[in-house]
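This report looks at charged side-chain pairs and at a pocket. The sequence and the structure come first.

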Amino acid sequence: MITPRRQFLAMGGGLGAAFLFSPSLKATPAVTIEMRGTSRGERIWFTPVGLAVSPGTALRFINRDNGNSHTATAYHPANYDRSRRIPFNAEPWDTGFLLPGESAEIVLKVPGVYDYYCVPHEMAAMVGRIVVGKPSDAGWEGTTPAESDITIEVMSALPSVEDILARGRID
């Protein structure tokens, strides 16, 4: 005869297994954005440079450049008093300096366009753009401030929102 306690434990174990193995309840792995550089350091970049994700996606920035430390820093007044190039209600981020092999994660929840850069390598056009959601999403915000403090070279290194949405990922 099964006692009420054993029946409860058996049922709880079954529910725990259902939760653990349910595809819709599993945590999705973070999408990786790599910080790269050539062996002599003459070229540095983020890959992908353009990425489309759903709101709430975790993003992992990882430094795969053996010769440099890098940051992934949102264009925002809170970060070095830069012009805002992320949605108004979004939280700005700065990974700080990541040494080779180190990583940092962020989660972007607000739909819109997020531009970011590497603090020591921005002038070498080490920049990237993340598109969260779609222009049809409630609260969507594009990114083109009336005044900007980025150079034409940096601006031209950013892929267009239309290309990112069409391709999903631009390396």
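## Salt bridges

A salt bridge is counted where a side-chain nitrogen of Lys or Arg lies within 4 Å of a carboxyl oxygen of Asp or Glu. Side chains of opposite charge can pair when their charged atoms come close. The model described here is predicted, and it holds 10 salt bridges.

## Arg-64 and Glu-34

One of the salt bridges joins the side chains of Arg-64 and Glu-34, with an N to O distance of 3.2 Å. This pair links distant parts of the chain, 30 residues apart. Glu-34 belongs to strand S1, residues 31-37, while Arg-64 sits in the loop between strand S4 (57-63) and strand S5 (73-74).

Arg-64 has a relative accessible area of 40% and is partly exposed.

## Arg-82 and its two partners

Arg-82 meets Glu-122 in a salt bridge between their side chains, at 2.7 Å from N to O. Arg-82 lies in the loop between S5 and strand S6 (103-108), and Glu-122 in the loop between strand S7 (112-117) and strand S8 (127-132), so the pair ties together parts that are 40 residues apart in sequence. Arg-82 counts as buried at 12% relative accessibility, and Glu-122 is buried with a relative accessible area of 6%.

Arg-82 also forms a salt bridge with Asp-149, where the closest N and O atoms are 2.8 Å apart. Asp-149 lies in the loop between S8 and helix H2 (152-157), so its pairing with Arg-82, in the loop between S5 and S6, ties together parts 67 residues apart in sequence. Asp-149 counts as partly exposed, at 33% relative accessibility. Elsewhere, salt bridges that share partners join Glu-34, Arg-36 and Arg-64 into one network.

## The largest pocket

Rolling a probe the size of a water molecule over the atoms shows where empty space is left. In this model, the largest pocket contains about 190 Å³ of space. What kinds of residues make up the lining of the largest pocket? They divide into 8 nonpolar, 1 polar and 3 charged.

Strand S2 (residues 44-47) gives the largest share of this lining, 3 residues. The residues that line the pocket include Gly-41, Glu-42, Arg-43, Ile-44, Trp-45, Phe-46 and Val-49. Also among them are Ala-124, Ala-125, Val-127, Ala-157 and Asp-171.

Terms used:
Residues are numbered from 1 along each chain as its sequence is written. This is a predicted model: local features need pLDDT of at least 70, side-chain atom pairs count only at pLDDT 80 or more; totals for chains, interfaces and linings use all residues. Side-chain values use heavy atoms; hydrogens and water are left out. Helices (H or I, at least four residues) and strands (E, at least two) are DSSP runs, numbered from the N terminus. Buried means under 20% relative accessible area, exposed over 50%, partly exposed in between (1.4 Å probe, protein chains only). On a 1 Å grid over the protein atoms alone, a cavity is a set of points where a 1.4 Å probe fits but cannot get out, and a pocket is an open set with protein on both sides within 12 Å along at least five of seven lines; lining residues have an atom within 4 Å of a point. Grid points are joined across faces, edges and corners, and a volume is the space filled by probe spheres set on the points. Ala, Val, Leu, Ile, Met, Phe, Trp, Tyr, Cys and Pro count as nonpolar, Asp, Glu, Lys and Arg as charged, and the others, Gly among them, as polar.
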